[in-house]
Amino acid sequence: MRSTRIVAASLVGVVVCGLAVPSAVAASVGATSHTAQALSARSSPAKGVRLALPAPSGRYATGESSFRLVDDERTDPWVPGQPYRELMISVFYPSVHTGGRPVTHQFPSAVATAFGTAVEQSAELPAGLVNWAATTTHSVRDAVPAPGRFPVVLYSPGAGDPRDWNVSLAEDLASRGFVVVTVDHTGETPAVQFPDGHVVGNEPLMTAWAAAIENGTTPALLTKVMAARTADTKLVLDRLKSLPNRLTRIMDAHRIGMFGQSGGGFTAAQAMYGDPRIRAGVNMDGTLEYTSEPDGTHLSEVALHGLDRPFLLMGNSSAADGSDVHHEPSWASFWRNQRGWKADVTLNDSVHASFTDAKALLPQLAGRVPVEKLDAAVGKVDPRLAVAANRALVTSFFNRFLKGRDDHLLDGGASPYPITFVR
């Protein structure tokens, strides 16, 4: 069903398609509002399958630094009574040689517990099969940056997903000479863990989803979600110059792009519509309208008016949820109104989650999980080819429009990747 193209699978039964909130899911996610210590106490020990992210393919080693950002001028949309908005971001960047130094983990401990549980329930995996806390990145924390100045690319995750759920793509871009800033939209994902140890969950939003489904007010709620996300994006852009000098000196603030998956792709488009600092954007399988079943009745501003800058649409090919400019009403409207460069590419044999780390990680459970469950969760496309295609398309796009280097992959000719250009 297309409704999952704004609300990520980690929200499980609370996708905006009229489903009730399963009590087991609500209970598990509700626990994320407690402290990190409480979450750690119930997290799995060092048991379960350890999954590995694919290595970056660029010429640079990569570093990662994380920061808390606070907006004192904006009340939090999901935490009643909180007079400020707080976010976590990670910055992946090209670094000098990092051999022999320890790499970071994909998820903080509290996020591994809460989000791992959500993924297991969404993909119908056996509880505890995976040790979500064990997966590492290929980036060294606070590594010395490589010399030079690099374009900056923001990443917004799907609604319900943490910023850490597309690390493979973020690291690959960093290894190819980009500074990538991944953003947590606090209050959506089951857990955001902050440096002092406190954790913010998504209980208020879960409650709001259930009420919106019952009352038929999902368009209003989705509008609120996107307004919060675009304000978060503005905050991140405004605060780039306040990051440590070791990072700001390698950032070229005149060459900024943005990409996202699902609701994050919507965020990239809508943020570009209101902020000319973002010069180019990519939407990985996200609808562009404020409705539970995309039908063209609640189109966003960017769908109605398009952009005057380059934008790439990347869609999945599943029969139930397939997305392209001929089948997705909001994409069709955007396509008609887009004034800047545009392209629509379909990843063959894919589903919605094929554009996240799920595609790289979950197939490693083959032999432990029935093939049909894995195919349903991440699509039938070969994992290595899917990862390579996503990396190649996003890199080609940002190289072309932020670096002026065109490999012509997006011209739509013959390709070594399992993709189809939609005309």
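This is a predicted model: local features need pLDDT of at least 70, side-chain atom pairs count only at pLDDT 80 or more; totals for chains, interfaces and linings use all residues.
Eleven strands make it up, and they run in the order β3-β4-β1-β2-β6-β5-β9-β10-β11-β12-β13. The sheet is open, and its pairing is mixed. At the edges you'll find β3 (103-105) and β13 (419-421); each has a single partner strand, so one side of each is left without a neighbour in the sheet. Going from one strand to the next, the twist averages 30 degrees.

Now zoom in on β13. Its pairing with β12 (residues 342-347) is antiparallel and spans three bridges. Look for valine 345, which sits opposite phenylalanine 421 of β13.

A helix, α6, packs on this sheet, where it touches β1, β2, β5, β6, β9 and β10. Its direction makes about 115 degrees with that of β1. Helix α6 (residues 218-239) also meets helix α8 (residues 263-274): their axes come within 9 Å and cross at roughly 65 degrees. The crossing is right-handed. On the α6 side, the residues involved are Met226, Arg229, Thr230 and Thr233, and they meet a group in α8 that includes Phe266, Thr267 and Gln270. Sorted by class, this contact has three nonpolar, six polar and one charged residues.

Last stop: aspartate 295, in the loop between β10 (278-284) and α9 (301-305). Beyond its neighbours within four places in sequence, aspartate 295 is in contact with Glu289 and Pro329. Glutamate 328 is 33 residues from aspartate 295 in sequence, yet their C-alpha atoms are 7.7 Å apart.

Methods: Residues are numbered from 1 along each chain as its sequence is written. Side-chain values use heavy atoms; hydrogens and water are left out. Axes are lines fitted to C-alpha atoms, for helices over the stretch in contact, and angles run from 0 to 180 degrees between N-to-C directions. Helices (H or I, at least four residues) and strands (E, at least two) are DSSP runs, numbered from the N terminus. A crossing is left-handed if the near helix is turned anticlockwise from the far one by less than a right angle, and right-handed if clockwise. Contact means heavy atoms within 4.5 Å. Ala, Val, Leu, Ile, Met, Phe, Trp, Tyr, Cys and Pro count as nonpolar, Asp, Glu, Lys and Arg as charged, and the others, Gly among them, as polar. Two strands pair if DSSP finds at least two bridges between them.
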